[in-house]
Amino acid sequence: MWPRLVSKKILGERLRSNNNFVADFPSNAESSSLLDISSLSPPSLSENNILNQCKHNFQNYKIFISTWNVGGIAPQDDLDIADWLDTPNNMCDIYVFGFQEIVPLRASYVLGSENSKISMKWNSLIREALNKKIQHCLEKQQYNNKLGRKQKTTEDEKAIFESSIPEGFRCVTSKQMVGISISVWIRSDLRPYVRHPRASCVGCGIMGYLGNKGSVSVRFQLHETSFCFVCSHLASGGREGDEKHRKSDVAEIFSRTSFPRGPSFDLPRKILDHDRVILLGDLNYRISLPEATTRLLVDRKEWNALLENDQLRMELMNGQVFEGWHEGLIKFAPTYKYCLNSNVYFGCVEGQKGGKWRAPAWCDRIIWYGEGLQQRLYTRGESNLSDHRPVKAIFTAQVQVSSTLKGLQKFFLSERFDQRTTKFDQMSSSDKFRCRGRSSF
C-alpha cells in the first residue's frame, strides 16, 4: 500500500497546489477589471501625509506577520488572540498568519486527505479578533454620542466611522498543506485593489516530497506592487550537520515554488521575482554551542552571545541561499523548546523524562527579502499552548499606485461606480469562516 499511497499523495498535492485555496471573495476576470484604477483606495490607517505620498505615487501600508508552531494542538473555543494582535491599539492594513503542525504529523495526516477543520477554527478565531476593533470603535462612538461628548478620534477610528462596510477584514487567501497553514487578511476597503491571489505548495518531507515539511506560499498584487508570503517548516534536528538539510529545503522551496504568469504573462513566477517578499515559519535553525553553554547563556539572558552562534544568522551573513535576505534585531528569549503549559524550557526540570531533548533555540523566525519593507516590531508572545512561542513582526511596506486624474477619481467614487461594485458587498457578515459567501478555488 505504501507506494500507492505516497504516489497518490505526491500527485494530488502537485495538481492542487496552485488552484485550491479558500478566500472570502473570488478572483475572476470581471473583478480584476475594476482594479486597474488602483490609486483610488483609501490611504493606510497609519497615513499622516496623503497628498505627499500620492504625489510620489507611493503609499505606505502596515503589515502584521505572525508565525506559530502549535504542536498539533487545536485551539480552545474561548481562546482570545486579540491581545496578541493588539487590535484595540494598533491596527494594521494586512495580516498574515502562519502556522506549523496545525495538525499532528502522524501518517494518517501526512498520507491521508487534507483535514481543514482545525485551520477553519483558527480562521474563525482570527476573524473574530480582527473585527473586534470595528465593534470597539462603533460602541465607543455610540457611548460618546449618548453622553453628548465630542472626543478626539484616532486615524483608525476615523476610517472606520466613515466606512459603510460592516466587516473590517476579509480573507484574501487561506491555504493548508498537511500541518503548514497560512492565511492573509486585508482591510475590506482595500479588497477591490487586490488582484491575482494564488497559492503554491512545496513538500520537502518524507521522500523529499511529502508535506510534513516544506512551504505554503501565497502571492497577490496590491495596486501595482506584488507581495509573496512564504510559510515554511524546515527540517528539524540539533545535531551537527542538520543545518545542511534546512539549507537544502530552502533551496528546494525557492526552486520549486511557482505561480501562474497571468493572462498578460507579466506576473512574477518565482518567489524572489516579487516586489515584497517575507518568509516566516518554524525554520528550525539552532544555536551551534554545547547544550550546557546554551542553557547557561539563556539563564543569563545573554542574547548577543547566543546570536553570534545562531545558525540562521550565520547563513544570512554568508549569503548563498539567503543572499539579499534580512532579519530584525532579536531582543527576546529563544522560542523553543518549552514544557507544555509551562514557562520552563524542556530539560530544565529535574527528573524529567520523555519527549525530544532539545536545547533552547530561536526556531521561529520572520525574515524579508529586498527593499521596500521596513520592520517596526519584532517580538514573541507568551502563550503556552505548545512547546513553541509565537513570534510576530510589523512592517511598513511601500506600495506603488498608478497616477489618476482627479476627474477620473471623482467618477469612480460616484454612484455609477458604486452600482457596479455593489455585488462585492453581498458577502455574509457571519463570524464563521465557512460562510455562504466564501468561495473556494
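Buried, in this talk, means under 20% relative accessible area, exposed means over 50%, and partly exposed is in between, with a 1.4 Å probe and protein chains only. By that rule Ala361 is buried, with a relative accessible area of 1%.

The model is predicted, so local features need pLDDT of at least 70 and side-chain atom pairs count only at pLDDT 80 or more, while totals for chains, interfaces and linings use all residues. Residues are numbered from 1 along each chain as its sequence is written, and side-chain values use heavy atoms, with hydrogens and water left out.

I will start with the totals. The protein has 14 helices and 14 strands. Both are DSSP runs numbered from the N terminus, helices being H or I with at least four residues and strands E with at least two. Of the 441 residues, 54% count as buried. The accessible surface comes to about 21100 Å², and 50% of it belongs to carbon and sulfur atoms. Areas come from the Shrake-Rupley method with a 1.4 Å probe; for residues, only the protein chains shown count as cover. Contact means heavy atoms within 4.5 Å. Among contacts between residues at least 6 apart in sequence, 74% join residues at least 24 apart.

Next, the open sheet. It has six strands in the order β6-β7-β8-β9-β11-β10, with mixed pairing. The edges are β6, residues 194–203, and β10, residues 325–326; each has a single partner strand, so one side of each is left without a neighbour in the sheet. Two strands pair if DSSP finds at least two bridges between them. β6 and β7, the latter covering residues 214–222, pair in the antiparallel sense over eight bridges. Within that pairing, Ser200 has Ser217 in β7 as its bridge partner. β8 and β9 pair in the parallel sense over seven bridges, and Val230 is bridged to Leu279 in β9. Seven of the seven residues of β9 are buried, so β9 is largely enclosed by the rest of the structure.

Helix α9, residues 242–256, lies across β6, β7, β8, β9 and β10, and runs at about 135 degrees to β6. Axes here are lines fitted to C-alpha atoms, for helices over the stretch in contact, and angles run from 0 to 180 degrees between N-to-C directions.

A search of the whole structure finds 18 aromatic pairs. Rings of Phe, Tyr and Trp (its six-membered ring) pair if their centres lie within 6.5 Å; planes under 30 degrees apart count as stacked, over 60 as edge-to-face and the rest as tilted. One of the pairs is Tyr95 with Phe169, edge-to-face, at 5.3 Å centre to centre and 85 degrees between the planes. It links distant parts of the chain, with Tyr95 in β3 and Phe169 in β4, 74 residues apart. Tyr95 is buried at 0% relative accessible area, and Phe169 is buried at 2%.

Trp368 lies in β11 and Phe395 in β13, so the pair ties together parts 27 residues apart in sequence. Trp368 is buried at 10% and Phe395 at 0%.

Two charges sit over rings, in the sense that NZ of Lys or CZ of Arg is within 6 Å of the ring centre and within 35 degrees of the ring normal. The charged end of Lys392 is over Trp84, 4.7 Å from the ring centre. Arg246 lies over the face of Tyr285 at 5.5 Å.

Last, back to Ala361, which lies in the loop between β10 and β11. What does Ala361 contact, leaving aside its neighbours within four places in sequence? Tyr285, Arg286, Ile287, Pro334, Thr335 and Tyr336.
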